[in-house]
2 protein chains.
Amino acid sequence: MIEAAAGRLRGHVRETPILSSPFLDEIAGRRVLVKPECLQHTGSFKFRGAWSAISALGNEDRQRGVIAYSSGNHAQGVAYAAAQHGISSVIVMPSDAPQLKINNTRALGAEVVLYDRANESREEIGEALASERGLTLIRPYDEPQVIAGQGTVGLELARQAAEMDVNEADVLVCCGGGGLTSGIALALEGHAPGLRARPCEPKGFDDVKRSLATGCIQSNNATAGNICDAILTPQPGQITFPILNRLCGPGLSVTEDEAMRAMAQAFLRLKIVLEPGGAVSLASALYRADEIESDAVIVVASGGNADPEVFAKALGFLT
Amino acid sequence: MIEAAAGRLRGHVRETPILSSPFLDEIAGRRVLVKPECLQHTGSFKFRGAWSAISALGNEDRQRGVIAYSSGNHAQGVAYAAAQHGISSVIVMPSDAPQLKINNTRALGAEVVLYDRANESREEIGEALASERGLTLIRPYDEPQVIAGQGTVGLELARQAAEMDVNEADVLVCCGGGGLTSGIALALEGHAPGLRARPCEPKGFDDVKRSLATGCIQSNNATAGNICDAILTPQPGQITFPILNRLCGPGLSVTEDEAMRAMAQAFLRLKIVLEPGGAVSLASALYRADEIESDAVIVVASGGNADPEVFAKALGFLT
């Protein structure tokens, strides 16, 4: 399915390069290779899964349009992929999502429906609207075609790492519901068995790390109250968790300040823009070096839709 | 020479991707393709020319080491390329260069010699040190092997544009002494005759624009006092100008505020970090649309070594 998705994505999705800096290697104490999915269309890897899911629909279903619920990056990915397919989209977003993400989603052609993250269920709202209007719901992670699309990051990584003679490494992946991490893990299983995916999360919202440690699904106490808004999910998915549990190494978790410091290093050394939730993997490479054993580490920097105020605050860590 | 340089650079220099955003297309009123050389090693295209020049030296000359004078990006490029070749480098830098660039150059292994930009000649200092110590001087732009290295940006561009079916376009290039612009113009002449290079400069420091308009070399009144420090040169080179004059379209110039606004748009829409001098090409595409005729425009965003304070100021243009 991942290879089929890669075929449908070809020519529509950007192949992101591999970046590096001797200054980051020095902080991490090992070679650090960064795959900047912030450079993907709409600023995050989410466009891959969205394109995969929409392009896999039958023509009749596709023409009726799609719906998604998302804290922002999945929203923009689905909105733009839908617009590029010439179909309509409805996006259900939390009312406290960064204003930039709400604005972008609207500007990309979607109808945005806001909900209260604390008191309402986005799943219920999404499913109700889907059945009312005959739209296809594109789940953010617990959806095989979405996982397959995100897995194309892993296919690219496997080839790029081999070209750089990196055959053994931990692959650190920013992890919310686990769509990206499970897709990459599956791709690596087939194409680069010496590379091992490891999920990275914010401290206090490390449901995946705890789920892997215990072998069964654990939940977070909250889904708000951390600057890494893009990856705050209640628990790993029913489809993603068994994949993560079978294939991934132990999870890693970092503080909000560490995520911000990683954003500052990405600015300074790689010249890329990361959002906090997209920087937890780089933060893990830089500030959890003692929990990593491989000579090289590959960092999937998953998104760059940072509000300017948050980014300016991260820059303050440099002075 | 450009193709030979590309051969020497292979595996050592990053091929930068092509980025785009529907939001930028909307501002510019046409399709905007951006080649982010800020993602190159050391944060600018200068690494290409440095690698080209050092790798072209005979073994004996190379082992004696190299020297360069630069406001910063050429410095970092030469320092890192020298270190990667296992040889020593001396860099002559203006004492008012951004501290980040001075620090980086030292950290990359070079010996840094500071000079007073207002009262001393970097050319004289550089040539004196070179003859004293037997070092090879690597000029920042008026040097055939450096131009050939920068021209590899044009080779990549020609192929990437053809893959995207863009066969006619203006190629906007940030221009100081003209090494990058002339190298790209030569590569396009051979490989993509429908693409035309056009130099972009800060207003008040538009020596190349005026030189092209009059057909003979014109000078700037000053070489300091503008935020676009990376591209403030006294006049086009003796080698670069005849190439520019033969091959380039008319020059474009933008204000400091426009360069900063382009940095903000690059942050918001492309998730890349540009410095002011590396953003004048994007600023020209966005804010000089009436001086461009082609349906598509290609922007070479040449560098990303922005001081955090300057970048934070640019972000202020978004709010």
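Start with the interface: 100% of the interface residues of chain A are also interface residues in chain B, so the copies meet through the same surface. This is a predicted model, in which local features need pLDDT of at least 70, side-chain atom pairs count only at pLDDT 80 or more, and totals for chains, interfaces and linings use all residues. Residues are numbered from 1 along each chain as its sequence is written, and chains are lettered from A in the order in which they are written.

Next, display both chains. Chain A is superposed on chain B by a rotation of 180° with 0.0 Å of shift along its axis, at an RMSD of 0.0 Å (least squares on the C-alpha atoms of residues with pLDDT of at least 70 in both). That is the relation of a two-fold axis. To find the axis, select Ile272(A), the residue of chain A that comes closest to it, with its C-alpha at 2.3 Å.

Now select residues 31-36 of chain A, which form strand S1 (a DSSP run of E, at least two residues). Val34(A) sits in this strand. Val34(A) is buried, because 27 other C-beta atoms lie within 10 Å (buried means 20 or more, with C-beta atoms placed from the backbone). Beyond its neighbours within four places in sequence, Val34(A) is in contact with Ile18(A), Leu19(A), Ser20(A), Leu270(A), Leu282(A), Val299(A) and Ala301(A) (C-beta atoms, placed from the backbone, within 7 Å). For a distance check, pick Glu143(A): its C-alpha is 26 Å from that of Val34(A), and the two are 109 residues apart along the chain.

Finally, move to chain B and select residues 276-287, helix H13 (a DSSP run of H or I, at least four residues). H13(B) is mostly covered, with 12 of its 12 residues buried; among them are Pro276(B), Leu282(B) and Tyr287(B).

Note on methods. Contact = placed C-beta atoms within 7 Å.
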